[in-house]
Amino acid sequence: MALRLHNTLTRSLEPFEPLEEGHVRYYTCGPTVYDRAHIGNFRTFVWEDLLRRYLEWKGYRVTQVMNLTDVDDKTIREALERGVSLQEVTDPVTEMFFEDWETLGLEDVEATPRATETVDAMIRLVEKLEEAGLTYESDGSVYFSISEYEDYGQLVELDPEQLESAGRAESDEVYEKDDPRDFVLWKGGDRDDEGEVATWDSPWGPGRPGWHLECSVMALEELGPTIDIHAGGVDLIFPHHENEIAQAEGATGEPFVRFWLHAKHLLVEGEKMSKSLGNFYTIPDLLEKGYRGSAIRYLLLSGHYRSELNFTLDGLDEAERALDRLEEFRRRVREAEVDADAADGPAGELPELAREARRGFEAAMDDDLNVSDARGAIFELVRQGNGRLDGSGERLTADARDAVLAVLQDFDRVFGVLSLRDRERSSIPTELRRWVEERLEARSAARERGDYEEADAIRDEIEARGIQLEDAPDGTTRWKLREGEFAAVGS
Ligand code: AMP
Ligand code: ZN
């Protein structure tokens, strides 16, 4: 089946095929590392991860590049206010960003270039634009001249009157532009205190790159000249992405991006996030309230990316329950008795139901990543499957077990929530894990000697630490923290 995606460039759903067979070149605008990212930012990043995983699931090799904006107005302002270097601001924030990235189970991307390490290439691109006659210099700065570039306005219908107020632009109003639509490529000249924290030499004198330039260059360097998919939040459509197109196409003469994808914003408790409303959450804020990364991830993936998503704490509780339900079903299937005779009973149709769920899942995801229907297909299997297991006395055929577990795995390779829960559970403190394993060995040694009194005493000792043991008929012992699922197989 063919994947269809909504392309902002054509404002329509289009069948997706990469330019090079089997290989997707994918660029995602990364974080501005001036302060810890909030859950709104992560809505976009988690959705981008979902798309990546789905492309992989469809069999594509994906090369994803995500930049780190480590020099721009915000990072510079922060450094100046705190009286520290740019790197002293951006290094710790970058570290926090990847900590949160891990917590939410995002896959590693192939490259994460930093703007500050790509300045030479940025200067080269400005030179190319200069050669193409698309720039002018004013007061030590270099601007992109929109009037020289015919194709401006591919992503949005532009009303020149409104241009100045729309979207997130850099605060370059203090600079001398010929036309309000023009944007800065290289900021030089008198930059007040800026120069203290962010200055590079260039053919136009000391200065620093403009924000829009950064992304064009990092995308072109790693993936160019033509990229299959470029994604970000809707706030980036204009002027950021519009300007990226102008710079890239102005310099290379080739189409820059084939599919532009944009996610709508996250609201929290129905409102725009803001510190004063007290609805401004970071990932650690939610972990401190006792929620797990898996539930946050699940909730962030719960609505279509082209609709706003309302994030609520109640929603997180529901997400935890939905994941409990999935896990419990997976456990039942794993632990059910395998019995060829179950083919004639209520569990007999499970392989067909599993295949239906997989078809439903793929059809929904192919439809511009319709996550609600995709989850619906999986939960229908959970509902049906639970009923059949009730009816068959927890018995199913090997075929049925394998088919159902395979669909759950399909779902999880894309949604990445069950594996994240497994990981969260196995992140039981290492010392505790080691201790339990050591005690379990002592216990089985005691049993082998026939010293059952000692074995029972060890069992009590382990249980006193909040751990529950389960001895399986085959002689293995599994254990878990009392609140969770089984964490590991001991001996
Ligand atoms: P920034 O760090 O500001 O450059 O933003 C990083 C990413 O988060 C961009 O793709 C933004 O479009 C996206 N973003 C910012 N605010 C929100 C929000 N409230 N909901 C969803 N995405 C957002
Ligand atoms: Zn960008």
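Is Asp324 buried, partly exposed or exposed? In this predicted model, Asp324 has a relative accessible area of 38% and is therefore partly exposed, since the partly exposed class lies between the buried limit of under 20% and the exposed limit of over 50%.

The protein chain is divided into three parts: domain 1 spans residues 16-263, domain 2 spans 271-425 and domain 3 spans 428-489. Taken over C-alpha atoms, the centres of domain 2 and domain 3 are separated by 30 Å.

Cys29 has a relative accessibility of 6% and so counts as buried. His240 also counts as buried, because its relative accessibility is 1%.

Across the whole structure, 49 salt bridges are found. One of them joins the side chains of Glu99 and Arg36, with an N to O distance of 3.3 Å. Glu99 lies in helix α3 (residues 86-103) and Arg36 in the loop between β3 and α1, so that the pair links parts of the chain 63 residues apart. The two partners fall into separate classes of accessibility: Glu99, at 44%, counts as partly exposed, whereas Arg36, at 18%, counts as buried.

Asp324, the residue of the opening question, forms a salt bridge with Arg421, and the closest N and O atoms are 2.7 Å apart. Here the link runs from helix α9 (residues 313-335), which holds Asp324, to helix α13 (residues 418-426), which holds Arg421, and the two residues are 97 residues apart. In contrast to the partly exposed Asp324, Arg421 is buried, with a relative accessible area of 0%. Both residues belong to a network of salt bridges that also includes Arg292, Glu320, Glu327, Arg330, Asp422 and Arg425.

Helix α9 also contributes Arg332, which forms a salt bridge with Glu394 at a closest N to O distance of 2.4 Å. Glu394 is placed in the loop between α11 (371-391) and β14 (395-396), 62 residues from Arg332. Arg332 counts as buried at 12% relative accessibility, and Glu394 is partly exposed, with a relative accessible area of 31%.

Note on methods. Residues numbered from 1 in each chain as written. Chains lettered and ligands numbered in written order. Predicted model: local features only at pLDDT ≥ 70, side-chain atom pairs only at ≥ 80, totals over all residues. Heavy atoms only, no water. Buried < 20%, exposed > 50% of the residue type's maximum accessible area, 1.4 Å probe, protein only. Domains from an automatic or database assignment. Salt bridge = Lys/Arg side-chain N within 4 Å of Asp/Glu carboxyl O. Helix = DSSP H or I, 4+ residues; strand = E, 2+ residues; numbered from the N terminus.
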